[in-house]
Amino acid sequence: MFLCCWLTLVALIPMTLSTNPGVKVKLTAKGTEYGRQLGMASIQKKLKTIKVADISGKQRVSPIGKVRYSLTNLQIVEVGLPTSALDMVPGTGVRLSISQAFLRLHGNWRVKYLHRIKDSGSFDLRVSDLTITMSIAINSDETGHPAVSTVNCAATVGSASIKFRGGASWLYNLFKKFIDKALRNALQKQICPLVANAVSDLNPQLKTLNVVAKVDQFAEIEYSMVSSPTVSTSSIELGMKGEFYNIGKHQEPPFSPAAFSLPPQTNNMLYIGLSAFTANSAAFVYNTAGALSLYITDDMIPQGTAIRLDTTTFGVFIPQIAKRFPGLTMKLLVKTEKHPVTTFEPNNATVQATCTVTAYAIQPNATLSPLFVLNLESSVSARLFVSGMRLAGAVTLNKMDLTLRTSNVGDFQVTALDSIFQLVLKLVVIPKVNVELAKGYPLPTLGKMKLVNTQLQVLKDYMMIGTDVQFSG
């Protein structure tokens, strides 16, 4: 995985026309350093595949005359990359620099001179002061996934030293200057293409970016890019769509993402900012799908609770119910009227929901008799957390407000039902919501990426995850 940490974290490059991103990702210098460390192992592996063709020819050596020689079975046995750097180039991409690198090769030599005298042996060759400089561009392919390519590359080989085994001493002088030139040329021609191949080998890995990630049977989230990455000397920032859609139906919500900026924090490798737009697009999707509704029956109220969902309990507060529907159990339908709205303020995430509550009496033949419909305005506080590669949450009730919409049992004081519905929300509705929220939804990820040392902050209009990363196998 050449430069896998860095480039896979920057694997969020598909560009589409849009306004503001719903999600921003910032890779810091700490992240690129981790990528450099991982990338060197991949480059070493590539350079070990260098194939040096057999070298043969003839040379006139005084006083012996013409000498025929051959160097065969040249194999790379060691690659050293002691010094390297990966630098961000503002407005462009990244530059990889490798210096003081070396290669060690082993091979066989053979000579023939004076028409009949033959000699042979082995040799070890060390190529020193190897330098590589490469510029890497990051683009988007036609599927909205990132793609990387080499813009330019330069490689130089400083010197070569050879040690012969099993031959006469005069052979050293014969072969040294020839091998030094021939092998440097042969190696120099192969280094840049091999490193460029290592860069190209990243593209299948980049294809694993969850540009569209399924959440559940109702929703998926899109992480395509809305603009080119912004590269500075210290970070790379990516703007992503960060929008939920109904599966199979991309309907835009009646609102747009507002602009937001990530703070200049650099302690972690990676920062992910998720705006209120992303959360609100999720609410729009689930509301459109009809998923934000819940039937509540008495068996969902914990045993031992003083309040039951039946006409006897409600009859205490609304006598007409007990008179007209004596001894019947009840059912409630809680349903959102419009999508809930999430707001982010420093250290505080809240969700406002506008719902209706329809109460029914369940007749002995299981038919439902509508009793009344209430308007329910509620506010909950959200606690957000990262679970694996997903963002999850849990909510607690802040306040609720009930008003009467319609009644089939005459007028009554709605405030008398506050205690009942407070209990229903806390014991049934919110636990059900929290079960779903605990499942979370996928964060942008690539391959076998793992988040470590994760911290989450709620800021003005967005929340931010600061994290380090690890890649496995």
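Modeller: A disulfide here is a pair of cysteine sulfur atoms within 2.5 Å. In general terms, a disulfide is a covalent bond between the sulfur atoms of two cysteines. Keep in mind that this is a predicted model.

By that cut-off, the count is one disulfide. The partners are cysteine 153 and cysteine 192, with their sulfur atoms 2.0 Å apart. The link of cysteine 153 and cysteine 192 is left-handed, at -80° about the S-S bond. Cysteine 153 sits in strand β7, residues 146-156, and cysteine 192 sits in helix α3, residues 170-200, so the bond ties together parts 39 residues apart in sequence.

Now the surroundings of each cysteine. Cysteine 153 has a relative accessible area of 27%, so it counts as partly exposed. Cysteine 192 has 15% relative accessibility, so it counts as buried. The line between the two classes is 20%. Another cysteine, cysteine 355, is also buried, with a relative accessible area of 7%.

Next, a serine. Serine 84 belongs to strand β4, residues 83-89. Serine 84 is buried, at 14% relative accessibility. Its side chain makes a polar contact of 2.7 Å with the side chain of arginine 36. Leaving aside residues up to four places away in sequence, serine 84 touches Arg36, Met40, Ser97 and Ile98.

Last, a sheet. Three strands form an open sheet in the order β9-β10-β13, and the pairing is antiparallel. Strands β9 (212-214) and β13 (243-246) are at the edges; each has a single partner strand, so one side of each has no neighbour in the sheet. From one strand to the next, the twist averages 30°. In general, strands of a sheet pair through backbone hydrogen bonds. Here, β9 pairs with β10, residues 219-222, in the antiparallel sense over three bridges. Within that pairing, valine 212 stands opposite glutamate 222 of β10. A helix covers part of this sheet: α5, residues 276-288, lies across β10 and β13. Helix α5 runs at about 10° to β13.

Technical notes
Residues numbered from 1 in each chain as written. Predicted model: local features only at pLDDT ≥ 70, side-chain atom pairs only at ≥ 80, totals over all residues. Heavy atoms only, no water. Pairing = 2+ DSSP bridges. Helix = DSSP H or I, 4+ residues; strand = E, 2+ residues; numbered from the N terminus. Axes fitted to C-alpha atoms, helices over the stretch in contact; angles between N-to-C directions. Contact = heavy atoms within 4.5 Å. Buried < 20%, exposed > 50% of the residue type's maximum accessible area, 1.4 Å probe, protein only. Polar contact = N/O pair within 3.5 Å; in protein donor to acceptor, adjacent residues only side chain to side chain.
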